[in-house]
Amino acid sequence: MASDRSGAAVEPAVAGEAPATVARVRPSPWPEVPRPVRVARIVIGVVLAVAALYAPLYFEPDVNRLLSQAIYIAIAAMGLNLLTGFNGQVSIGHGAFFGVGAFTSAILIVDHGWTFEATIPVSAALTGVLGLLVGIPALRVRGLYLALVTLGLAVLFPRITQKYVDGTGGVPLLRPSRREFASLIEGLDDDQWAYYLCLAIMALLFVLAWNLVRGRVGRAMIAVRDQELAATTVGVNLAATKVGTFAVSAAYAGVAGSLSVMVDKLADGTNPILYFQRSIEFLVAMVIGGTATILGPAVGALVLVLLRRNTQDLIEGKEILAPALFGAALIVIVFVLPEGLVGGVRRLLLRLGQRTSARGRAPTAP
Amino acid sequence: MQLFLSQVINGVGNGVVFATVALALVLIFRTTRVLNFAQGEMALFSAYISWKLTTFDLPVWVAIGISMAIAFVAGAVIERTLIRPMEGHSPLNVVIITLGLFLGLNALVQLIFGTDPQSMPSPFPKGSVSFIADTRVQKVTIGLMVVLLVECAALWLLLNRTTLGLKLRAVASNPDSARLHGIRAGSMLMFGWAISAAIGALAGSLVASERAALDASLMQVVLVYALAAAALGGFDSIWGAVVSGLVVGVADALTIQYVDALDGIEVVLPLGLILVVLVVMPNGLFGKRTVERV
Amino acid sequence: MSLLELRDVAGGYGPVRVLHDIDLSVEEGQVAVVLGANGAGKTTTLRAISGLLDVVSGDIRFAGTSLVGRPPEAIARLGIAHVPQGRGTFADLTVEDNLRIGAINRRDRDVERDLRHWLEVFPRLGERRDQEAGSMSGGEQQMLALARAMMARPKLLLLDEPSLGLAPLVTRELFDRLAELNREEGLTILVVEQNANLALEIGHWGYVLETGRIAVQGPAAELHDDDAVRKAYLGF
């Protein structure tokens, strides 16, 4: 990685003579979309939606559980993507927010008799506030250093649960009873209900993220990521944008944590690196799917869950192999698909679209 | 007073270990501007190699030496094959690669060497010698101190008194300009990773022999403390890393002894230190200029 | 034979072609000056010579050896010293270390003597020997860059806009030094400049670049005095 601390590589902003400067000017984040791409997008969207809605009726409960896991990972990765992909703040600490969400739900259910659905907004609010608190010092720390600070959160969280959460047998492990998550709709099994609830919440958060990113706030987020100094000169409130993104992003992870309690029927604080691994899962889902794409995290989460399941079954009695393959897959993906699946497909479609529109139509007069 | 002193001595013992790992982190950061999250697991792997060699009745020091040589080569290979191709890409890619290494190496250790805790023989004599005010110092602690001092002095000499060191510093300071002066920047980056991995191997082996058991989680907490020490030292200074390592070690020991509220979550201390240092004085206690990467 | 010869050189950054068929040569012992507006390709030409830019077609020969395809570090070892824009200062290293980097690939025993020599020639550097190079003024850093380049005992010195950001008096002094080096040490220099007037005064041959092509060339003195050229390209 080139360092730009001293003057050697810095050239004046002259077109053609200054590669460093030219490279930094990105194209508009939302390029004009050619028609074939729009059509392809709609078709893909409809197919995916139908598949997502039909899936739980078709599959066995254990597959539905897997898909529900993919959904909650997708939600957390979506939140991380807002922060890292669109706003440029690297976090390896989202596992901690996820954990706070999980334990909030679990504690409210087990110790205070809440219904599960009511705990979700509480998790969201609590992790949102936490995100705000972390986001403020994060204003002064960036890049690798921010990764370092947030890494600390993920390492710290299990220890806090070990100290303060007293589950069964004195270990920080809470297992709400299955009845707490019983289906609220006649005719749907519990696993189907869990899946649909997760899916509905993901859809809601997806639309929210979509609107956020494509609106004024999104432009501010992206401007801050690409040209921090320049963004402030055109009136972007730097601090508010960064801290706000952090809070929203953390809340997504918190909601994901809550949903994980419903899907997995537990909140676990016994494994000291579990939440660090969660952080990495979210990063992986984001990167596999495509950083700074809207759909990427969901695609990435699905691939991740399938990958993990299949690596686990690969060799009998060698569960350790899963993280090894997982780590290797991570490295391979960065090499092979630096833009992620969605980024790669999008580029392919754009290229196809440009070719067809260049061939088919004369340019319209302005 | 006696309790206080012996806690300080304990802290120094741990601090030496943190300092050594911090040194490895700083060395990579200085030469390549990469924060290597896999440093701890690379050291863990090396520690297992050292242990395995001692089971073949090799003397401990010889085992550690061979392990360091292997790590030296492995470090160069990792830089060349995994880190170098990411040059010019988002720093996020390098973060993800080092995290992938972290997971992969940790699992690989368990696959190759098994999950049962092992015990690594110590290269230092057992027992203790008496110290002021009726306290005693473990010979191991003294041995670790000596190793650390020798290591620092050697590194300092390498960086400041040799042509190779000057090349390393030139590349760290201004890679493009260094190339225009005929310095093979690529080789220097590889060399930086190689030395760093070798130092990590030494650190890992010593940690393994100092702690009662060698298992796959050995280096994870150590890494957090080492990162704290590196941050406190400004990521850039050899002596900064060493002094900070000792400071973190002693502060940790005193916290455990005197601050009951942090019982069980002592790791708050290094994390808090990292945060405070990065927010309040991003140059660390010993760094001399702003280190900033976007 | 010319010391440096560019023949039909084309190149650029990725898909962006910046240089088109550049023909240019520098005679041994002479000062060649490349002039032109911002974006004309002056810096790019130097980067192509020292290997920082991929040459798409054409050939670059230095003392008979082709430079095309060689990495910058190999080209530097052939005896070409390139002082880039921004001066290539190793900001957090001391002035002395900076100078030693200049001589880093020399194997002879005269390095110490050269070090003393350049510290005497540039007394400001002597005073600041143990200071961080980044703490010096722009003019001092340019002198340091010059001295550092000379520590390599180069056969050819490439200078990229040495006057950039310097006060007029300092620029004057710098060009006097360059003329002196050329005269007394026989150093061959290729200098890219916006300050056409000063550069042509010390140069033997001049080139004017326009959008990646050589528009005009000729003896420096003639270019300097040619009203048409001055009006059209040099703006003074």
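**Chain contacts and local features of a predicted model**

Good morning. In this model, 41 residues of chain A are in contact with 46 residues of chain B, where contact requires C-beta atoms, placed from the backbone, to lie within 7 Å. On the side of chain A that touches chain B, helix 6 (144–164), helix 11 (274–289) and helix 13 (321–336) of chain A each supply at least two residues. Helix 6 of chain A gives the most, with 12 residues. By class, this side of chain A has 30 nonpolar, 7 polar and 4 charged residues. Here Ala, Val, Leu, Ile, Met, Phe, Trp, Tyr, Cys and Pro count as nonpolar, Asp, Glu, Lys and Arg as charged, and the others, Gly among them, as polar.

A word on conventions. The model is predicted, so local features need pLDDT of at least 70 and side-chain atom pairs count only at pLDDT 80 or more, while totals for chains, interfaces and linings use all residues. Residues are numbered from 1 along each chain as its sequence is written, and chains are lettered from A and ligands numbered from 1 in the order in which they are written. Helices (H or I, at least four residues) and strands (E, at least two) are DSSP runs, numbered from the N terminus.

Chain C also meets chain B: 18 residues of chain C are in contact with 15 residues of chain B. Helix 2 (72–77) and helix 3 (95–102) of chain C each supply at least two residues of that side of chain C. Its classes are 8 nonpolar, 5 polar and 5 charged residues.

Let me turn to chain B itself. Helix 1 (residues 2–32) of chain B has 31 residues and reaches 44 Å from its first C-alpha to its last, close to the 45 Å expected at 1.5 Å a residue; that expected span is 1.5 Å times one less than the number of residues. Of its 31 residues, 23 are buried, so helix 1 of chain B is largely enclosed by the rest of the structure. A residue is buried if 20 or more other C-beta atoms lie within 10 Å of its own, exposed if 12 or fewer, and partly exposed in between, with C-beta atoms placed from the backbone. After helix 1 of chain B comes B:R33, whose phi is positive, near 60°.

Helix 5 (residues 139–161) and helix 6 (residues 163–173) of chain B pack at an angle of about 80°, with their axes 5 Å apart. The axes are lines fitted to C-alpha atoms, for helices over the stretch in contact, and angles run from 0 to 180 degrees between N-to-C directions. These two helices of chain B are therefore roughly perpendicular to each other, a term covering 65 to 115 degrees. B:L158, B:L159, B:N160 and B:R161 in helix 5 of chain B meet B:L164, B:G165, B:L168 and B:R169 in helix 6 of chain B.

Finally, some individual residues. A:T293 is found in the loop between helix 11 and helix 12 (296–314) of chain A. Is A:T293 buried or exposed? A:T293 counts as buried, because it has 23 C-beta neighbours inside 10 Å. In chain C, C:E161 has a positive phi of about 45° although it is not a glycine. C:E161 is buried, with 23 other C-beta atoms within 10 Å. C:T211, also not a glycine, has a positive phi of about 35°. C:T211 is partly exposed, with 14 other C-beta atoms within 10 Å.

Thank you.

Notes. Contact = placed C-beta atoms within 7 Å. Parallel < 35°, antiparallel > 145°, perpendicular 65-115°, else oblique.
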